[in-house]
Amino acid sequence: MRYRLPILPALLTMLLLAAWTWPATAQAPSLERARQQLEQIGARLDEQKGKDDDRALQETREAVLKIQGQAEQTIAERSPELQSLDARLAELGESPAGQGQEAAEVTRERRDLQRQRNQVDAELRQARLASVESAQLLDRIAAARQDSFHQRLSERTTPPWSPRLWRDLADSQARDEARFAALWRDASQAVAMHWRASPQRSLGYLALAVLVAVAIGWFGARRVPRLVGRYIPAGPLRRSAPAMARLLLSTLAALWIVGLLRAALLPADAPPAVAQLADLAGGLLVFATFVTTLGAVLLAVRSPSWRLPAISDAGARALRPLPLAAALAIVIARFPQALAELVNASLPLAVAFTALAALASTWVVLLALVRVHRLQSRSERAPAPAGESPPSTTKPHFRPWINVAISIGWVGVSICLIGLLTGHVALSGFIALQILWTGVVLATLYLGMRFIDDLVCALLGAKGVAGRRINDRFGLDPRHVERIAVVASALLRLLLVLLGLVALAMPYGASGEGLVERALGLARGITIGQLVLSPANVVRAIGVFLLATGVFHLVKRWLARRYLPTTKMDEGMRASVVTLFGYATMVLAVAMALAAIGVGLERIAWIASALSVGIGFGLQAIVQNFISGLILLAERPVKVGDWVVVGDAEGDIRRINVRATEIQTGDRTTVLVPNSELITKTVRNRTFSNAEGLVKIVLPMPLTTDSDLVRELLLEAFREHPGILEAPAPSVLIDGISDKGQVMFSATGFVATPRQAAATRSALLFEILRKLRELNIRMV
């Protein structure tokens, strides 16, 4: 019996050791493989960051959850065993220092328990490490799914009305509350520590923030319009300047107040998450101030005379609450989503916040549509006063383009509501928020473009301060100064429009840095074959073209005014030379401009050959008239100053243009005749070889008339008229005797130009009739 008692505990210990060691050896490789799988999943997430779809992320999440569950189950199962082993080892106590003071079975039992305890502890360590790594991977997967959710708007998620979403929210409530509580705890501790460190300075910052808010609000609303009206002359700038001043002043004041509040509540070394939260709240506060002030200055409900857009008083009152509602909706939409991203909240909570954003934004858009529709309906139903027609009594509350905006708004609201019902929550939230964002950007563009146009025209215009100085110093035409102001205003407004397009494109996934990088890429140039088109090359080409045309214009004017008048060329020939010189220099200036951007003669020939197909099909008439104009200028069958007859048109040629020739008729009407008709059709040129005009009068007289007396009378009338030339001398002939027994006298004379023929013939007829009455000679 002495030997049986030690043997039974030894046998029981060996059985327990075998029982405990078997599952440990079976689970250890399993946990090792699980950790290897976690490492592979983490590496795959790093490699395919932003490329996995939601389904792949969901499968990965389930695999990680399985591993995490296995690790937690191992921890739950092995922790009591470790505690039991620790208790048994504590009962056995420490090994004695000397030899032979302890039984061999006890020593063996302690050694076996210690080995078993080390194995269980190693297994628990691996399980805890796998649990921590699984939690980290789950956080990364949640962030990736949230990013994927916002980027893939067309994908369907759990709709807000589905109980499944609320069950998921309940399941992840503990995790989300813990994360929000941790953020709130960090923020509260940071504020409390900062407040205890310097309470007086914090109170001073808060008081200064309140003072800035009150002072800027009163000054911007009341004093700015008065100051602007006092120092800015009458004009459009008097209305746009105070609006822009109030907007800038309020925005800068909001930035100042946010900075003061940040200095009063948070230390400079605040935790990163708390600092990000403060930056988010401050940015949204500044944005809300900007939107509300923008709406106030554009609607100008209390001061209709300062209102910039063409909106009636009733329309302004109807839209008055919308800027504040839009600002609140954007804050409600953006702050929870950013907060969820900051704490890495669960996907169901992100879906719920996005649904809240979609509902808030859609409600604001729907409110605006209903108010505008109600106002227009009242205007249409309003009875017309007695004695007036309805169209003359009703004045539209908005511009006609508001109908297009209303249609787009109704379509957007419909899509948002359908998306919320069908589970496309991200798409609904994006569309609703984008409608509000587009409205804010367009309103800002409108105010900025109005202010820039008014400011530039007031300064650089012909009547502006700088415009008058430029006109007085350089002696320019006021129209040229006004043209410079208009072009400068257009360029600045174009730059503002480009900035507006960048702002509109940012919610579509194009960040500001990416858009700036693309803009810089365009600035560096676009390579087409061996040709590089860049803004610098384009500006260089325009400069070369303007310089060349300016120099050629001076040479052309020198030819027309100084050199050609000293030659023996007539006026028509001089005009032809000047026109041909202008065409040639224009082609040369274009070639020089193309050469400035790297287009050589061989490329110009290639472009011309490519355009020849289009010219052959669509520009035949234009090319024909152009070539005909060159032929007219070279061969000179007609020239400037000739008196021609083309069809029904008869008159002086005033100008031979590229496409047509201008002919001024006797009644001061200008007829444009295509150049091809002057080449292909019959043209009577009365001054081609001789510039003299013929005056012919046919006078029928009875047979009993003294023919010699009539002949002398006609010759005397021709000789006495100052416009009749002496050479060739006037003549009177008898053309014959008519069937009615009348003698047909034909008197002819010449004038210096055919343009005088009609007037001279009329004066001669008056004089001949007067003399016939004096001599009592009857024509019948």
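How many bridges join strand β4 to strand β5, and in which sense do the two run? I looked this up before anything else. Strand β4 (residues 649-656) and strand β5 (residues 660-665) run antiparallel and are joined by 5 bridges. I noted that two strands pair if DSSP finds at least two bridges between them.

**Entry: ground rules**

I am working with a predicted model, in which local features need pLDDT of at least 70, side-chain atom pairs count only at pLDDT 80 or more, and totals for chains, interfaces and linings use all residues. Residues are numbered from 1 along each chain as its sequence is written, and side-chain values use heavy atoms, with hydrogens and water left out.

**Entry: the chain as a whole**

I found 24 helices and 10 strands in the chain. Helices (H or I, at least four residues) and strands (E, at least two) are DSSP runs, numbered from the N terminus. Of the 780 residues, 35% are buried. Buried means under 20% relative accessible area, exposed means over 50%, and partly exposed is in between (1.4 Å probe, protein chains only). Among contacts in the chain with a separation of 6 or more, 71% are between residues 24 or more positions apart. A contact means heavy atoms within 4.5 Å.

**Entry: the sheet with β4 and β5**

I went back to the strands of the opening question. They belong to an open sheet of 5 strands in the order β6-β5-β4-β3-β7, with antiparallel pairing. The edge strands, β6 (670-674) and β7 (684-685), each pair on one side only.

I then traced another open sheet, of 3 strands, with the order β8-β10-β9 and antiparallel pairing. Because β8 (693-702) and β9 (731-737) stand at the edges with a single partner strand each, one side of each is left without a neighbour in the sheet. From one strand to the next, the twist averages 25°. Axes are lines fitted to C-alpha atoms, for helices over the stretch in contact, and angles run from 0 to 180 degrees between N-to-C directions.

β9 pairs with strand β10 (residues 742-751) over 6 bridges in the antiparallel sense. Leucine 733 has serine 746 as its bridge partner in β10. Helix α23 packs on this sheet, touching β8, β9 and β10, and its direction makes about 20° with that of β10. Helix α24 lies across β8 and β10 and runs at about 30° to β8.

I counted 10 salt bridges. A salt bridge is a side-chain nitrogen of Lys or Arg within 4 Å of a carboxyl oxygen of Asp or Glu. In one of them, glutamate 716 meets lysine 771, with the closest N and O atoms 3.7 Å apart. Glutamate 716 is in helix α23 (residues 707-720) and lysine 771 in helix α24 (residues 757-774), so the pair links distant parts of the chain, 55 residues apart.

Is lysine 771 buried or exposed? Lysine 771 is buried, at a relative accessible area of 9%, while glutamate 716 is partly exposed at 37%. Salt bridges that share partners join Glu716, Glu720 and Lys771 into one network.

I also noted a salt bridge between the side chains of glutamate 712 and arginine 711, at 3.6 Å from N to O. Glutamate 712 is partly exposed at 42% relative accessibility, and arginine 711 is partly exposed at 38%.

**Entry: helix α8 and its surroundings**

Next I looked at where helix α5 (residues 173-197) meets helix α8 (residues 272-299): their axes come within 9 Å and cross at roughly 85°. That makes α5 roughly perpendicular to α8, a term for angles of 65 to 115 degrees; those under 35 count as roughly parallel, those over 145 as roughly antiparallel and the rest as oblique. Leu183, Asp186 and Ala187 of α5 make the contact with Ala273, Val274 and Leu277 of α8.

Which residues does threonine 293 touch? Leaving out residues up to four places away in sequence, threonine 293 touches Arg246, Leu247 and Ser250. Threonine 293 lies in α8 and is buried, with a relative accessible area of 9%.

Aspartate 279 and arginine 262 meet through their side chains in a salt bridge, 2.7 Å from N to O. Aspartate 279 is in α8 and arginine 262 in helix α7 (residues 237-265), so the pair ties together parts 17 residues apart in sequence. I have both down as partly exposed: aspartate 279 at 45% relative accessibility and arginine 262 at 29%.
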